[in-house]
Amino acid sequence: MSDTRDSSQGRFVSAQAVAERAGVSRSAVSRAFTPGASIAPATLARVQEAAAALGYQVNDLARGLLANRSRLVGLVTSDADSPFRAQMIAALSQALLERANVPVIISIGPTAEDVANASRQLLRYRAEATVFLSGSPPASLVELTRRNGQPLILVNRGETGLDSVHCDDRDGAQQAFEALRMAGASRFAVVNRANPSPCLAVRERSFAEIAAASGFEAKIVRAGLADYDGGQEAARQLLGSGPAPDAVFCVNDLMAFGALDHFRGVGLRVPADVSVIGFDDVPVAAWSSYRLTTLRQDPGRIARDVVSILDRRLGDPDSPPISVDVPVRLVVRETVRARR
C-alpha cells in the first residue's frame with residue numbers, strides 16, 4: 001500500500017520501497033514504525049536511514065482502517081467563520097493534534113438532517129469521536145454511534161445524557177448583572193437572537209431571573225441572528241419601544257458590537273448613558289473602537305476538557321455521562337460605568 005508521495009513518480013513512497021533500499025523484509029519496516037515492536041537496533045537504523053532518504057511517512061489512515069478505527073475526530077459546526085467558533089475550532093484542532101488525532105472540520109446547515117448526515121460520514125470513516133460545536137444529534141443517531149463505539153461530545157449545548165463541556169452561563173449572567181447594578185443601572189435589557197441556541201437561552205433566562213430576584217425587570221429583545229446585524233436590529237427595537245435602558249446584557253460579543261454602534265450612531269454615550277456587556281471575549285472586544293466589557297470563555301480550557309473526556313470515555317465506554325462546567329470571568333474594559 002502506498003504511503004508517502006514520490007514526486008518523481010507521481011505516487012506515494014511505499015513501505016516495500018523502504019524495505020528494498022534497506023535490504024530488509026516488509027515486516028521489518030512495519031515493526032520499525034510500530035511503537036514497542038521488537039526489532040534489532042541495526043535493522044532499525046537501516047530502516048530509518050532508508051525512510052529518511054526516500055521521504056517515507058507511515059500511512060496512519062490505512063493502519064486505522066485495518067484496526068477498524070482511525071485517528072480522525074470530527075468537529076461538526078455551523079458558522080465556522082464566527083469569531084468565537086473559529087477560536088474554538090483552532091483550540092480543539094491544536095489539542096487533538098497534540099493527542100495524535102487528525103481533526104476533521106465539517107461545516108453543516110441548520111437542520112437535524114444536516115447533523116445526521118455529517119455524523120454518518122464520520123462513522124463510515126471510522127472516526128474515533130465526534131465533537132458537536134453546533135446542532136444536536138438526533139436520538140436515533142446517538143444510538144447508532146453508541147452501537148459502533150464512537151463517543152459523542154457536545155460543546156456548549158444544553159442536552160443531557162451525553163458527554164458535554166459547557167461554560168457556566170448562569171454564573172456569567174450573575175457577574176454581568178452585579179457589574180451593571182454596581183454601576184447604578186436600574187433599567188435592564190437582554191439582547192438575544194430570534195431563535196436562541198440552548199446556551200444563549202440559558203444566558204437570557206438566567207439574567208432575567210437574577211434581575212427579578214433583585215426587584216428589577218429585564219426587558220428581553222430578540223432579533224435576527226446572533227451576529228452584528230442582529231445586535232443592531234435589537235438595539236433599534238430597544239430604543240423604539242419605551243424608555244431607553246441604561247444597561248444592556250448581550251448574549252455574545254457580536255451582538256454587543258452591533259448594539260454599541262447603533263447606540264453611538266443615534267447619539268447615546270457609552271457608558272455614560274447606557275452600559276453594555278457582551279459574552280465570549282473575542283479578540284475584537286479589546287480593540288480600541290469597542291473596548292467591550294465582556295465575559296471570557298477560555299477556548300483552550302474547553303479544548304483540554306474535551307480531550308480529557310475523550311480519554312475517559314474511551315477508557316470506560318459504559319461510565320455515566322460526563323459533564324464539565326467551565327468557569328467564565330468578567331473582563332472589565334470601558335463599556336460599563338465606573339462603580340458607584
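## Basis

Local features of this predicted model need pLDDT of at least 70, side-chain atom pairs count only at pLDDT 80 or more, and totals for chains, interfaces and linings use all residues. Residues are numbered from 1 along each chain as its sequence is written, and side-chain values use heavy atoms, with hydrogens and water left out.

## Aromatic contacts

The structure holds 8 aromatic pairs (rings of Phe, Tyr and Trp, the last by its six-membered ring, with centres within 6.5 Å; planes under 30 degrees apart are stacked, over 60 edge-to-face, the rest tilted). The F207 and F249 rings have centres 5.0 Å apart and planes at 20°, so this pair is stacked. Because F207 belongs to helix α9 (residues 198-213) and F249 to strand β10 (residues 247-250), the pair ties together parts 42 residues apart in sequence. Helices (H or I, at least four residues) and strands (E, at least two) are DSSP runs, numbered from the N terminus.

Both F207 and F249 are buried (under 20% relative accessible area, 1.4 Å probe, protein chains only). Ring pairs join F177, F188, F207, F216, F249 and F279 into a cluster. R203 lies over the face of F279, 3.7 Å from the ring centre (for Arg, CZ within 6 Å of the centre and within 35 degrees of the ring normal).

## The sheet

Six strands form an open sheet in the order β4-β3-β5-β6-β7-β13, with parallel pairing (at least two DSSP bridges between two strands). Strands β4 (102-107) and β13 (323-326) stand at the edges with a single partner strand each, so one side of each has no neighbour in the sheet.

Within the sheet, β5 (residues 129-132) and β6 (residues 152-155) pair in the parallel sense over 3 bridges. F132 has L154 as its bridge partner in β6.

Key
Buried < 20%, exposed > 50% of the residue type's maximum accessible area, 1.4 Å probe, protein only.
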